[in-house]
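Hi,

Here is the structure I promised to pass on.

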Amino acid sequence: TYSGVLLVWSTPSILAAISWWVFVKNPRLIQVPGTQPVGYIPTFRRVIGNRTLWLIGILFFLHNFFFYTWAGWASLLMQQKGASPELAGLLTSVLVWVSIPALLLMPQLSYKIGLRKPFLWGTGVLLGICAWLIISSSLQWCWIIMAIVGIANSTRFQTILALPVETMPSELVGSASGLIIAVGSSGAILGPIFGGHILDVTQSLRLSLLALVFTSLVAVGLAFAIPETGSKNRGGKND
């Protein structure tokens with residue numbers, strides 16, 4: 001039953017909350033030499049008026065639109081291709097399993113080569129191709145497609161989250177991150193709703209997947225418009 005599933009989900013969350021409460025202390029406020037505290041209004045204006053941040057936020061919106069639409073309807077798509085509910089759930093879970101090593105290894109690769117943008121536009125290309133291919137792919141090929149989507153998604157996710165740290169002054173990083181998360185999170189809400197509406201009207205997920213191909217192409221264009229923040233753009237020095 002779902003009650004058992006929810007119980008399993010709740011246990012790690014409770015343990016994490018207790019561990020945080022017990023072991024994590026508030027850090028001591030450290031004033032960086034040569035900097036002055038920034039007021040709320042000046043900070044808000046500098047963040048809101050930053051073009052690069054808006055590009056990152058829109059890219060994060062498209063990222064979440066793609067992933068949550070894909071993940072939300074992947075199980076049903078697998079069942080439409082002939083999978084049992086159990087196999088459909090297992091196939092969908094591949095997205096998460098492959099993301100674990102990807103989240104550990106891909107940031108290291110990015111820092112090694114000193115570039116961020118290839119991890120933004122390259123993953124966008126891969127995700128668009130996967131959305132196109134899975135429309136007509138057999139169930140056997142879906143294992144590979146799901147793995148590629150999981151790796152590409154987690155790679156782009158961690159790269160996007162690093163961008164505010166690398167593009168903004170330290171005193172504005174918190175506000176900048178808040179902006180892109182606020183803009184991007186709306187994609188996680190709208191994407192599955194969009195896919196569900198198309199499913200209700202057409203009884204198919206084909207148009208939803210074609211829409212994901214389009215959003216991937218737009219995301220690739222945005223990735224090229226975002227400035228490179230890797231070490232090669234900073235004279236070859238990793239911070």
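Start with Arg116, which sits over the face of Tyr111, 4.2 Å from the centre of the ring. Keep in mind while you look that this is a predicted model, so every value in this email is computed from that prediction.

Now zoom out. The protein has eight helices and zero strands, and reading along the sequence gives the pattern α-α-α-α-α-α-α-α. Along its principal axes, the C-alpha trace spans about 65 × 45 × 35 Å. Of the 239 residues, 40% are buried.

How much of the contact list comes from residues 24 or more positions apart? Counting contacts with a separation of 6 or more, the share is 82%.

Next, the aromatic rings. Searching the whole structure turns up six aromatic pairs. One of them is Phe61 with Phe65: the ring centres are 6.1 Å apart and the planes meet at 35°, so this pair is tilted. If you are wondering where that label comes from, planes under 30 degrees apart would count as stacked and over 60 as edge-to-face, so an angle in between is called tilted. Both residues belong to helix α3 (residues 51–80), and they are four residues apart, about one turn of the helix.

Phe65 is buried, with a relative accessible area of 11%. Phe65 also pairs with Phe194, again in a tilted arrangement, with 5.6 Å from centre to centre and 50° between the planes. This pair joins distant parts of the chain, as Phe65 is in helix α3 while Phe194 is in helix α7 (residues 173–202), 129 residues away. Is Phe194 buried, exposed or partly exposed? Its relative accessibility is 33%, so Phe194 counts as partly exposed. Put together, Phe61, Phe65 and Phe194 make one aromatic cluster.

Then there is Gln203, which you can find in the loop between α7 and α8 (206–225). What is the phi of Gln203 like? The angle is positive, about 60°, although Gln203 is not a glycine.

- Phe214 is in helix α8 and counts as exposed, at 56% relative accessibility. Phe214 and Phe66 are 148 residues apart in sequence and 10.0 Å apart in space.
- Gly122 is in helix α5 (residues 118–133) and counts as buried, at 18% relative accessibility. The cut-off for buried is under 20%, so Gly122 falls within it. Gly122 and Ala17 are 105 residues apart in sequence and 36 Å apart in space.

That's what I have for now.

Cheers

Technical notes. Residues numbered from 1 in each chain as written. Predicted model: local features only at pLDDT ≥ 70, side-chain atom pairs only at ≥ 80, totals over all residues. Heavy atoms only, no water. Phe/Tyr/Trp six-rings, centres within 6.5 Å; stacked < 30°, edge-to-face > 60°. Helix = DSSP H or I, 4+ residues; strand = E, 2+ residues; numbered from the N terminus. Buried < 20%, exposed > 50% of the residue type's maximum accessible area, 1.4 Å probe, protein only. Lys NZ or Arg CZ within 6 Å of the ring centre and 35° of its normal. Contact = heavy atoms within 4.5 Å.
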